[in-house]
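Work through the exercises below with the model open. Try each task before reading its solution.

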Amino acid sequence: MTVRTIEVPEDNSVFGKTTSAFADFGYSAAVRAHGLLFIAGTIGRRADGTIPDTIEEQTEIALRKIEEILRLENLDMSALVDVTSYHVDIRRHLPGFVEAKRRLVAEPYPTWTIIGVSGLASPGLLVEIRATAAYPDAARQTAH
């Protein structure tokens with residue numbers, strides 16, 4: 001089995017100075033294994049490190065980060081097969097989350113689990129999204 005860690009370059013414009021979190025907290029942005037790309041939870045922290053006040057902007061930033069990790073692997077959002085999102089004050093923020101999600105995630109839709117939580121890593125964070133994507137060659141690898 002080949003396992004490969006996906007690194008986000010420090011000068012990446014989407015992640016900005018937030019790339020330091022990978023080393024600070026000891027985790028990878030994503031890992032490729034068995035024809036799948038496992039993307040760590042992404043949050044809506046801007047490239048400059050600040051946290052937006054709205055769920056819409058936080059959702060868009062988190063999804064753009066997922067989109068960027070996929071791009072680094074020559075994939076796009078259609079490669080997503082499973083997504084889990086964690087929401088602070090879910091009843092209040094779900095409509096704004098869904099609206100932002102509609103703008104960025106198109107068919108074919110991945111499976112998606114939405115979980116309400118009491119808090120995330122930093123005060124002010126409202127959503128965290130983790131995802132799994134499949135590489136196009138994965139079907140060919142398992143068919144043989």
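**Exercise 1.** In which loop is asparagine 74 found? Then describe its backbone and exposure.

Solution. This is a predicted model, in which local features need pLDDT of at least 70, side-chain atom pairs count only at pLDDT 80 or more, and totals for chains, interfaces and linings use all residues. Residues are numbered from 1 along each chain as its sequence is written, and side-chain values use heavy atoms, with hydrogens and water left out.

Step 1: asparagine 74 sits in the loop between helix 2 and strand 4 (80–88). Helices (H or I, at least four residues) and strands (E, at least two) are DSSP runs, numbered from the N terminus.
Step 2: its phi is near 60°, a positive value in a residue other than glycine.
Step 3: asparagine 74 is exposed, with a relative accessible area of 73%. Buried means under 20% relative accessible area, exposed over 50%, partly exposed in between (1.4 Å probe, protein chains only).

**Exercise 2.** Where does aspartate 89 lie? Treat it in the manner of Exercise 1.

Solution. Step 1: the loop between strand 4 and helix 3 holds aspartate 89.
Step 1: phi of aspartate 89 is positive, about 50°, although the residue is not a glycine.
Step 2: aspartate 89 is partly exposed, at a relative accessible area of 38%.

**Exercise 3.** Is the peptide bond from glutamate 107 to proline 108 cis or trans?

Solution. Step 1: omega is near 0°, and the bond is cis.

**Exercise 4.** In what order do the elements of the chain run from the N terminus on?

Solution. Step 1: the chain has four helices and six strands.
Step 1: their order is β-α-β-β-α-β-α-β-β-α.
Step 2: the radius of gyration is 15 Å, close to the 15 Å that the globule rule gives for 144 residues, so the chain is as compact as a globular protein of that length. The radius is taken over C-alpha atoms; the rule is 2.2 Å times the number of residues to the power 0.38.
Step 3: buried residues make up 42% of the 144 residues.

**Exercise 5.** Which helix supplies the largest share of the lining of the second largest pocket?

Solution. Step 1: a pocket is an open set of points on a 1 Å grid over the protein atoms alone, where a 1.4 Å probe fits, with protein on both sides within 12 Å along at least five of seven lines; lining residues have an atom within 4 Å of a point.
Step 1: the lining includes Ile6, Glu10, Phe22 and Tyr27.
Step 2: helix 1 gives the largest share, three residues.
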